[in-house]
Amino acid sequence: MGFDQRFTIGLLAWIVALVAVLLACIAAFLAPGLGAARIVALAIAAATFAGLWRHVTRTNRTVARFLEALKFGDTALQFDAQGGAGFDELGSALNEALARFRVEQDRIAGELRYLDALVDDMPVAVLTVSADRHVTLANKAARRLFTGEHGTRPEDFAVYGATFARRLANASQSEELLILNIAERPQRMLVRAATLERLGQRTRAISVQPIQGTLDAVEMAAQTDLVRVLTHEILNSLTPVTSLAATAADLLRDPDLSADPRIGDARIAVETLARRAQGLSNFIEAYRAVAQTPELKRQSFAARPWADELARIFAAKAPAVPLQVEVSPGNLALDADPDLLAQVVINLMQNAAQAMQETAQPRLALRLLGDNQATVIEVEDNGPGVPESLRQDVFLPFFTTRATGTGVGLNLARQIVIAHGGAIDVGDAPGGGALFRIVL
């Protein structure tokens, strides 16, 4: 309001001055012999008109500069807060408005940086597919997960799974469980798709969440619970049988009953029953180790000396089987429980040595390979290998293909690996035989 009043007063003053100057010009032109006065009067009239024009258009120029600053996001622009006629108030008001825009702009920029960092650091892999079918790995988890060579089109991701590539190309929203070939092994992934609007164009966001480790942990928990319940119930039923059989055997040793020859046969039968019941009880008690979750004591340790120690232990147990040890890079370090992990690797090497008993020239290799993404431990032999139909069963508790096997070793190995947050599987060795791979 103050600006309007002062602007109007200034405008009237300029108009009055211009009228006065014009009257003076007319008087100068009407009076004879005032040539110089006429020139001065015209100059003053022109200057007065220019001042009036500048006063009238100054507001428009100021507002135009303000709008141009908003258009290009130039919130650093400052307006003259002096000059009188209310323009000091207008300049202060516009400077205050730009300052508020600048604060809001900084707030929005900070919020965008936060959201970008949040998306980039979130543990779920996110991919975006633009309207022209260009695929972008949107965060660190996606770049870690899809580390192989691939392009930027949906069909280029067929190396991880044909179904996954079709889902990238499909415009529908969905949520499903897919198997992707990640790190040279199939892994279950929860894949979700959603459609978003970005800068006026439709963009699809694909999230890929690995759940193989969770499924493995749930499976192992179910197995251990089952074993724990079964062994508990069997031992509860077997304990009185063992006790009663032992008591009956003691009673049948009474000399007064020795006259009857059938008593001796009964005593032998009952003693046999007692021994077998006790043996079965000890057998089940030993299997209860499967139901005990391993307790990890993680630490960082050098891979080379650890592998060399395993090689010495294996050489003492199976000196006839040559072992090749490879550690790459040479300064590789492991973050694990060295004792439990050693138990796993020694078990795998012993199984390999037993599988190669009929092999003319047995060969065994232990490889520890690492990079910024994961550590891989491989045990490779040139024995008969593991049939594809049995590759999942060999890790089940009590499953064994050997007459003298217990079916506990590989199940315990899998428990230890899963407790480390890793995975273990078996496949064909390149030269024939079995290849057990642990990924940590």
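User: Which residues of helix 10 are buried?

Analyst: In this predicted model, the buried residues of helix 10 are Leu 410, Asn 411, Leu 412, Ala 413, Arg 414, Gln 415, Ile 416, Val 417 and Ile 418.

User: What makes helix 10 count as largely enclosed?

Analyst: Helix 10 covers residues 409-419. Nine of its eleven residues are buried, so the rest of the structure largely encloses this helix. Buried here means under 20% relative accessible area.

User: Why is the contact between Glu 104 and Arg 107 called a salt bridge?

Analyst: The rule asks for a side-chain nitrogen of Lys or Arg within 4 Å of a carboxyl oxygen of Asp or Glu. For Glu 104 and Arg 107, the N to O distance is 2.7 Å. That value is within 4 Å, so the pair qualifies as a salt bridge. As background, side chains of opposite charge can pair when their charged atoms come close.

User: Where do Glu 104 and Arg 107 lie?

Analyst: Both are in helix 3, residues 87-121. They are three residues apart, about one turn of the helix. An α-helix has 3.6 residues a turn, so residues three or four places apart point the same way.

User: What makes Glu 378 and Arg 367 a salt bridge?

Analyst: Their closest N and O atoms are 2.9 Å apart. The limit is 4 Å, so the pair passes. This pair links distant parts of the chain. Glu 378 belongs to strand 10, residues 375-381, and Arg 367 to strand 9, residues 364-370. Eleven residues separate the two.

User: How do you know whether Glu 378 and Arg 367 are buried or exposed?

Analyst: Glu 378 has 9% relative accessibility. Arg 367 has a relative accessible area of 16%. The cut-off for buried is under 20%, so Glu 378 and Arg 367 are buried.

User: Which residues are linked in a network of salt bridges?

Analyst: Arg 367, Glu 378, Glu 380 and Arg 437 are.

User: Why are strand 2 and strand 3 called edge strands?

Analyst: The sheet is open, with five strands in the order 2-1-5-4-3 and antiparallel pairing. Strand 2 (135-137) and strand 3 (174-182) each pair on one side only. On average, neighbouring strands of this sheet are turned by 30 degrees against each other, direction ignored.

User: How do you know that strand 1 pairs with strand 2 and with strand 5?

Analyst: Pairing needs at least two bridges. Strand 1, residues 125-129, has three bridges to strand 2, so the two pair, and they do so in the antiparallel sense. Thr 128 stands opposite Thr 136 in strand 2. Five bridges join strand 1 to strand 5, residues 201-210, again antiparallel. There, Leu 127 has Ile 206 as its bridge partner.

User: What makes strand 4 and strand 5 a pair?

Analyst: Ten bridges join strand 4, residues 185-198, to strand 5, and the pairing rule asks for at least two, so the strands pair. They run antiparallel. Arg 198 has Gln 201 in strand 5 as its bridge partner.

Technical notes
Residues numbered from 1 in each chain as written. Predicted model: local features only at pLDDT ≥ 70, side-chain atom pairs only at ≥ 80, totals over all residues. Heavy atoms only, no water. Helix = DSSP H or I, 4+ residues; strand = E, 2+ residues; numbered from the N terminus. Buried < 20%, exposed > 50% of the residue type's maximum accessible area, 1.4 Å probe, protein only. Axes fitted to C-alpha atoms, helices over the stretch in contact; angles between N-to-C directions.
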